[in-house]
Amino acid sequence: MDGEKVTKSEREWKEQLTAEEFKVTRKKGTERAFTGKYHDCKEPGTYHCICCGSPLFSSETKFDSGTGWPSFWESISPESIATQSDRSIFFMPRTEVVCSRCDAHLGHVFDDGPPPTGKRYCMNSAALTLVKSEEES
């Protein structure tokens, strides 16, 4: 997969994604807690961006945060994601996480995760697709 930026029109994203995936990734939505297909997934593999296919997180860094969303303590690489300030909820400053290749909204990162990073990348299942370890070989 090359590192070129992926840009598409809203119509093209709507044709590619389900309604839920579009709402989450392109409109900065959030799926309900404990409803996403990966919140309790324990299968080994790599989580990729549902929009552009870029690898984002390894199952080796996934942990049960108890929040109802898939959580990771580290991304595949610092270049795979980007962060930006999110003040969309009144009085609650957060740090949004986006795919650095296509700008898809993935979720948020918090400073209450486990060692070694202390980070909790709290992602939406609708923004991810799991490529299982045996499929990657």
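In the protein chain, contacts between residues at least 6 apart in sequence were examined, and 55% of these join residues at least 24 apart. The model is predicted. Its secondary structure comes to three helices and nine strands. Along the sequence, the elements of the protein chain follow the pattern α-α-β-β-β-β-β-β-β-β-β-α.

The overall dimensions were considered next. The C-alpha trace spans about 45 × 40 × 30 Å along its principal axes. The protein chain has a radius of gyration of 14 Å. This agrees with the value near 14 Å for a compact globule, because that value is the one for 137 residues. Of the 137 residues, 44% count as buried. The protein chain exposes about 7600 Å². Carbon and sulfur atoms supply 51% of that area. Charged side chains number 18 positive and 22 negative. The centres of the two sets lie 6 Å apart.

Two strand residues were then examined in turn. Glutamate 96 sits in strand β6, which covers residues 94-99. Its relative accessible area is 3%. Glutamate 96 therefore counts as buried, since the cut-off is under 20%. The side chain of glutamate 96 makes a polar contact with the side chain of histidine 105, at 2.7 Å.

Serine 58 belongs to strand β2, residues 55-58. Its relative accessibility is 17%. This value is under 20%, so serine 58 is buried. The side chain of serine 58 reaches the backbone nitrogen of glutamate 60 at 3.0 Å. With residues up to four places away in sequence not counted, serine 58 touches Gly45, Phe72 and Ile76.

The backbone was examined for particular features in the loops. A cis peptide bond joins proline 115 and proline 116. Its omega is about 10°. Proline 116 lies in the loop between β7 and β8. Strand β7 covers residues 105-110, and strand β8 covers residues 120-123.

Phenylalanine 34 has a phi near 65°. Phenylalanine 34 is placed in the loop between α2 and β1. Helix α2 covers residues 19-27, and strand β1 covers residues 45-49. The relative accessible area of phenylalanine 34 is 51%. Phenylalanine 34 counts as exposed because this value is over 50%.

Aspartate 103 has a positive phi of about 65° and is not a glycine. Aspartate 103 is found in the loop between β6 and β7. Its relative accessibility is 41%. Aspartate 103 is therefore partly exposed, as 41% falls between the cut-offs of 20% and 50%.

Terms used
Residues numbered from 1 in each chain as written. Predicted model: local features only at pLDDT ≥ 70, side-chain atom pairs only at ≥ 80, totals over all residues. Heavy atoms only, no water. Helix = DSSP H or I, 4+ residues; strand = E, 2+ residues; numbered from the N terminus. Buried < 20%, exposed > 50% of the residue type's maximum accessible area, 1.4 Å probe, protein only. Rg over C-alpha atoms; globule rule 2.2 N^0.38 Å. Contact = heavy atoms within 4.5 Å. Areas by Shrake-Rupley, 256 points an atom, 1.4 Å probe, with all protein chains shown as cover. Lys, Arg positive; Asp, Glu negative; His and termini not counted. Charge placed at Lys NZ, Arg CZ, Asp CG, Glu CD. Polar contact = N/O pair within 3.5 Å; in protein donor to acceptor, adjacent residues only side chain to side chain.
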